[in-house]
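Student: Could you walk me through this one? I'd like to start with the overall picture and then go into some details.

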Amino acid sequence: MGKHPVSVLLDLLFPPRCAFCGRLVEEGDVCAACAEALPFREGTASVQVIGEGRYPCALAFYYEGPVRDGVRALKFGKKSWRARVFARYIAQTAAEELSGGFDAVSFVPVSLRRNFERGFDQARLLTEEAANIWGVKAEAVLRKGRHTRAQSSLQDAALRKTNVKGVYRVPHPERVRGRRFLLIDDVCTTGSTLSAAADALLEAGAAGVVCAVLAGGSRKRENLEELFP
């Protein structure tokens, strides 16, 4: 069966592009070159434990190559359409690694200022798209109380932790009390941001928190850590 005329027109006006590199593609959402190069996390590398709360965090990819380029285009290049594709990888990884560990889905929000600057909250977009796949609703239960420096501008893990300490709050604790949350974000570097948000949920009465992100870490760094622990 051929494409609907409206779909054909949309393809002409907005030709499909690879969600990672932005190249034109004839079909699908990922070009052949990126599909070949995607740095999937596999086996035990698919889940890491983060923060003092020891939160399990599922990661679909290492943050390198086409994945890093795609995330940067999403966040800084205002390519919000990429969230739909990235969310599929998050949803699949979370379902495979964290199934049964949550009954509600939320996200780590950016500040109002950051939302205004970018025009969207990338974590919220990813979460809403992932929730749609599961047929549930993404719940905005967290608020970021103040604007902070971008975590990506801080290389030191201690500075990252201090930068987000106490910035997240739950305006309506009754909405989280006794429930187990999946908390979604785009990237996990040191885990400070996710941990701070997860801590706020637990302090508000959540029964548990697990996390899922598109990407985090690099193969080169983790291989070195195995050699020189």
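Student: How many helices and strands are in the protein chain?

Tutor: There are nine helices and seven strands in the protein chain, and please keep in mind that we are looking at a predicted model.

Student: And how much of the chain counts as buried?

Tutor: Of the 229 residues, 45% count as buried. As for contacts between residues at least 6 apart in sequence, 72% of them join residues that are at least 24 apart.

Student: OK, the sheet next. What is the order of its strands?

Tutor: Five strands form an open sheet, and the order across it is E1-E2-E7-E6-E3, with mixed pairing. E1, which covers residues 47-50, and E3 are the edge strands, each of them pairing on one side only. On average, neighbouring strands of this sheet are turned by 30° against each other when direction is ignored.

Student: Which helix packs on the sheet?

Tutor: Helix H4 does, and it touches E1, E2 (55-61), E6 and E7, while its direction makes about 140° with that of E7.

Student: What holds strands of a sheet together in general?

Tutor: Strands pair through backbone hydrogen bonds, and they can do so either parallel or antiparallel. In this model, E6 and E7 (residues 208-215) run parallel and are joined by seven bridges, and E3 and E6 also run parallel, with four bridges between them.

Student: Which residues stand opposite each other there?

Tutor: Ile184 stands opposite Ala212 in E7, and Arg180 stands opposite Gly208 in E7.

Student: Is E6 mostly covered or mostly open?

Tutor: Strand E6 is mostly covered, since seven of its eight residues are buried.

Student: What about Ser106, is that buried or exposed?

Tutor: Ser106, which lies in strand E3, has a relative accessible area of 0%, so the residue counts as buried. Leaving aside its neighbours within four places in sequence, Ser106 is in contact with several residues, including Thr127, Glu139, Phe181 and Ile184.

Student: Let's switch to H6. Which of its residues are buried?

Tutor: In H6 the buried residues are Gln122, Ala123, Leu126, Thr127, Ala130 and Ala131. Seen down the helix axis, the buried residues fall within an arc of 160°, so they line one face of H6.

Student: And what covers them?

Tutor: The cover includes helices H3 (65-76), H4 (82-98) and H5 (112-118), together with strands E3 (104-107) and E6 (180-187).

Student: What span should H6 have?

Tutor: Helix H6 has 13 residues, 122-134, and at 1.5 Å a residue it should span 18 Å; the C-alpha atoms at its ends are 19 Å apart, which agrees.

Student: What happens at the start of H6, and what comes just after H6?

Tutor: At the start, a side-chain oxygen of Asp121 reaches to within 3.0 Å of the backbone nitrogen of Ala123. Just after the helix, Gly135 takes a positive phi of about 75°.

Student: Last one: where is Gly166 found, and is it buried or exposed?

Tutor: Gly166 is in the loop between helix H7 (157-164) and strand E5 (168-169), and its relative accessibility is 71%, which is over the 50% cut-off, so Gly166 counts as exposed. Arg146 is 20 residues away from Gly166 along the chain, and their C-alpha atoms are separated by 9.5 Å.

Conventions
Residues numbered from 1 in each chain as written. Predicted model: local features only at pLDDT ≥ 70, side-chain atom pairs only at ≥ 80, totals over all residues. Heavy atoms only, no water. Helix = DSSP H or I, 4+ residues; strand = E, 2+ residues; numbered from the N terminus. Expected span 1.5 Å × (residues − 1). Buried < 20%, exposed > 50% of the residue type's maximum accessible area, 1.4 Å probe, protein only. Arc of directions from axis to C-beta. Contact = heavy atoms within 4.5 Å. Polar contact = N/O pair within 3.5 Å; in protein donor to acceptor, adjacent residues only side chain to side chain. Pairing = 2+ DSSP bridges. Axes fitted to C-alpha atoms, helices over the stretch in contact; angles between N-to-C directions.
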